[in-house]
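Hi,

Here is the structure I promised to send over. Have a look at it first, and then read on for what turned up in it.

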Amino acid sequence: RYAALWANYKATGDVTLRNELVMMHTDLVEITARKMYHMFMGKAQLEDIISNGMIALIKAVESFDPTRDVKFDTYASIRIRGSVIDYLRGQDWIPRTAREKIKTVEEACTKLRNRLGREPSCSEIAEELNMKESSVGMILSEAYTYNIMSLEETLNEGMSKSFDIEDKINPLPQVLLLKKELRKVLGEAIDSLSEKERLVTTLFYYEGLKVKEIAEVMDISASRVCQIHSLALVKLKSRLKDYINM
């Protein structure tokens, strides 16, 4: 029945059928919205995020091609996440000075990685910028939420790149290869992090722990968790950007 519903909708464009498909997948919006709300707590209302996600879901149903070998859940989830990220970014809750400071840290991190052939430590970044390590830590803390969003944007850009290619010429093997390469690049980037950075990243993304819970596990302060995670995000984003811009 599911495949027939898609076929009927694509053949007729009937809004009632579209709405039925949308209602069948509202859980995608709920799951994505709640996860991102916890990431960006205090930056937007949950209701607004869900509303934005629903609009993205409707557009995903309208643009999806069920004849291609891509699951709708995967297709829609990427577009929902991308739409929510665009919405949150449009709220402009990141001070311009904070963005400028973290950009300076990102540039120093990239320079040092290219020079050293490995990921730099916070103290090495501080020395490169002629700053105190505590000052770099402050920048990382202030830009913590921004860095989470920035990595989300970069990941979404990488995934969308796969779908863009498929939308144009539909070479399924190439699409699968791109997705496999993206996962490989991300895995290698995580492996290159320090032990504490890997642990924080694993607890946050794979175990789903919140900052306070991670702080308890690692027996450090919540602010220290934010600093460690923020620096890890800067490094991961830099690696992914290099791959995407190849």
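Let me start with Arg34, which is partly exposed at a relative accessible area of 41% (buried means under 20% relative accessible area, exposed over 50%, and partly exposed in between, with a 1.4 Å probe and protein chains only). The side chain of Arg34 meets that of Glu30 in a salt bridge, at 2.6 Å from N to O (a salt bridge is a side-chain nitrogen of Lys or Arg within 4 Å of a carboxyl oxygen of Asp or Glu). Glu30 is also partly exposed, at 32%. Both residues sit in helix α3 (residues 26-39), four residues apart, about one turn of the helix. Helices here are DSSP runs (H or I) of at least four residues, numbered from the N terminus.

Before going further, some background: this is a predicted model, in which local features need pLDDT of at least 70 and side-chain atom pairs count only at pLDDT 80 or more, while totals for chains, interfaces and linings use all residues. Residues are numbered from 1 along each chain as its sequence is written, and side-chain values use heavy atoms, with hydrogens and water left out.

The whole structure has nine salt bridges. Another of them joins Glu128 to Arg115, with the closest N and O atoms 3.1 Å apart. Glu128 lies in helix α7 (residues 122-128) and Arg115 in helix α6, so this pair ties together parts that are 13 residues apart in sequence. Arg115 is exposed at 53%, whereas Glu128 is partly exposed at 31%.

There is also a salt-bridge network linking Arg113, Glu119 and Arg239. Within it, Glu119 and Arg113 have their closest N and O atoms 3.9 Å apart. Glu119 is buried at 8%, and Arg113 is buried at 8%. Ser192 touches Glu119 and Arg239, not counting residues up to four places away in sequence (contact means heavy atoms within 4.5 Å). Ser192 lies in the loop between α10 (172-191) and α11 (195-206), and the C-alpha atoms of Ser192 and Glu119 are 6.6 Å apart, although 73 residues separate them along the chain.

Last, a look at helix α13: His229 lies in this helix and, at 1% relative accessibility, counts as buried. Leaving aside neighbours within four places in sequence, His229 is in contact with Tyr144, Ile148, Val200, Phe204 and Tyr205.

Happy browsing, and do write back with any questions!

Best wishes

Notes
Helix = DSSP H or I, 4+ residues; strand = E, 2+ residues; numbered from the N terminus.
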